[in-house]
Amino acid sequence: MSQAARQPEQLIRPKLLIVEDDEGLQTQLKWAYDDYEVLQAFNREEAITLLRAEEPAVVTLDLGLPPDPDGTSEGFATLEEIIALKPDTKVIVASGHGARQSALDAIAKGAYDFYQKPVDIDELGHIVSRAFHLHEIEQENARLADARGGSEKVLGRIITAAPEMLKVARTVERVAPTNASVMLLGASGTGKELLARGLHDHSDRKANAFIAINCAAIPENLLEAELFGHEKGAFTGAIKTTEGKIEQAHGGTLFLDEVGDIPLPLQVKLLRFLQERVIERIGGRKPIAVDTRIVCATHQDVDQMQRDGTFREDLYYRLAEIVVTIPTLAQRPGDTVLLAKHFLNRMAEEFNPKVKGFAADALRRIDEWPWPGNVRELENRVKRAVIMADGKLVHAEDLDLGGDDEAEADSDSLLNIKAAREESDRKVIRRALARSEGNISNTARLLGISRPTLYDLLKQYDLQPGATTVSAKD
């Protein structure tokens with residue numbers, strides 16, 4: 001046996017980051033924790049550098065850091081940056097005599113716990129030990145959730161923790177293996193094309209083409225040629241024979257976005273294709289058999305269009321064998337923060353690498369805004385904010401969302417006090433879960449309740465702590 005083989009396996013010690021500008025206290029704390037790999041930082045810059053490089057599970061943080069050693073501004077800035085970068089890190093803040101309120105404020109911003117100065121090493125040791133234990137449990141729960149598929153990508157790309165959107169995604173997954181025609185109904189920017197792509201990717205046609213066409217973006221006199229193709233010489237400018245989108249999607253899926261904008265004469269030709277599965281190019285006389293699955297979408301009221309005579313009833317029933325209604329972003333509590341963080345990570349890499357997360361005021365503004373433009377509006381605002389941000393965190397002013405107008409619910413159900421309270425509780429819990437990325441301890445702290453109480457509320461309202469990653473853009 002070799003010398004290397006005879007050596008005992010080295011024990012990997014958990015990493016503890018101590019952020020403290022008092023060198024004497026730093027030394028004292030370092031020697032008090034033999035069971036941990038102790039990392040030391042004397043200011044915010046050093047702390048964030050070590051956080052990124054070493055990813056410690058637990059951090060002890062003195063709020064009085066230079067250049068504001070007698071205040072708390074630099075400590076709170078460090079805390080916010082840590083939480084933005086590594087939300088699962090357990091941060092324990094130092095509280096001097098008479099500064100208990102600062103410690104409570106820190107917990108409200110995401111800190112795990114606090115300790116009093118002057119430091120009682122044994123007491124702090126118990127707090128640190130509990131923090132490591134809790135971090136280990138949460139990491140194990142996350143691993144188990146992954147093993148069970150808890151972080152499975154539904155439809156491949158959509159990001160959501162909202163039951164309303166998860167239900168839509170599951171419906172699309174169940175319909176995907178069939179050849180049923182699907183109509184997606186939803187406002188602009190809710191993710192209709194992304195759901196259509198997910199349906200195609202989960203079908204037996206996934207190896208073949210997915211073709212998308214926006215019927216509202218093409219002039220009426222050109223739309224027929226786009227859909228059905230044309231023969232050479234069929235009209236002025238037709239210098240060669242061209243396949244239409246239906247033919248190009250043979251064996252695959254054709255997505256007709258804004259199908260409500262197809263003019264009536266062309267609706268008749270589309271209906272014939274759906275009935276007979278053959279097409280004729282413009283200027284052609286030969287029927288061409290085509291095996292294409294149609295998925296369509298619109299933001300319009302198709303029922304009203306049928307009553308008005310602008311959309312054929314027989315075409316509707318051919319296109320809408322399965323109807324899926326997509327909720328707006330305002331109907332998906334908590335998803336705004338999840339999506340915003342996803343977009344920020346993507347945009348920062350491309351436009352402004354120094355941006356690492358959202359400040360608390362930005363998260364609050366994102367949470368409160370009604371997002372009439374849905375996911376597309378959110379993506380555009382985050383892109384703007386990342387580009388405009390001066391520092392490492394995006395602030396509310398970078399989002400440029402205007403005033404603090406709030407949309408008030410005016411339904412009869414919310415006139416009932418109990419119903420209104422329950423609806424409010426659900427929304428607040430979902431938003432806290434989203435902001436904490438499903439972390440139960442951090443969620444309970446944000447809500448100002450104990451973990452057992454939070455578990456009871458989750459059970460009462462049938463809410464799940466984990467966020468499922470899917471996609472969300474039109």
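Strands here are DSSP runs of E, at least two residues in length, numbered from the N terminus. Every view below comes from a predicted model.

**View 1. D62 and the residues around it.** Start with strand β3, which spans residues 58-62 and holds D62. An unreviewed UniProt entry annotates D62 as "modified residue: 4-aspartylphosphate". Is D62 buried or exposed? Its relative accessible area is 10%, and since buried means under 20%, D62 counts as buried. Skipping anything up to four places away in sequence, the residues D62 touches are V19, E20, D21, G75, A94 and K117.

**View 2. The open sheet that β3 belongs to.** Five strands line up here in the order β2-β1-β3-β4-β5, and their pairing is parallel. Which strands stand at the edges? Those are β2 (37-41) and β5 (113-116); each has a single partner strand, so one side of each has no neighbour in the sheet. Going from one strand to the next, the twist averages 20 degrees.

View 3. Strand β4 covers residues 90-95 and runs parallel to β5, with 4 bridges joining the two. Look for A94, one of the residues that D62 touches: A94 stands opposite Y115 in β5. Helix α5 (residues 100-108) packs on the sheet and touches both β4 and β5. The direction of α5 makes about 160 degrees with that of β5.

**View 4. Helix α3 across β1 and β2.** Here we've moved to β1 (15-19) and β2, with helix α3 (residues 44-54) lying across them. Helix α3 runs at about 145 degrees to β2.

**View 5. The largest nonpolar core.** This core has 31 residues, and those touching the most other members are L227, I246, L254, L256, F273 and L319. Which elements give two or more residues to it? They are the strands β7 (210-214), β8 (253-257) and β11 (293-298), together with the helices α9 (220-228), α11 (264-276), α12 (302-308) and α13 (313-319). The top contributor is α11, which gives 5 residues.

**View 6. Zooming in on L227.** Apart from its neighbours within four places in sequence, L227 is in contact with I213, G244, K245, I246, L254, L256 and L266.

Terms used: Residues numbered from 1 in each chain as written. Predicted model: local features only at pLDDT ≥ 70, side-chain atom pairs only at ≥ 80, totals over all residues. Heavy atoms only, no water. UniProt positions renumbered as here; feature names shortened; annotations may be inferred. Buried < 20%, exposed > 50% of the residue type's maximum accessible area, 1.4 Å probe, protein only. Contact = heavy atoms within 4.5 Å. Pairing = 2+ DSSP bridges. Axes fitted to C-alpha atoms, helices over the stretch in contact; angles between N-to-C directions. Core = buried A, V, L, I, M, F, W, Y, C linked by side-chain atoms within 4.5 Å.
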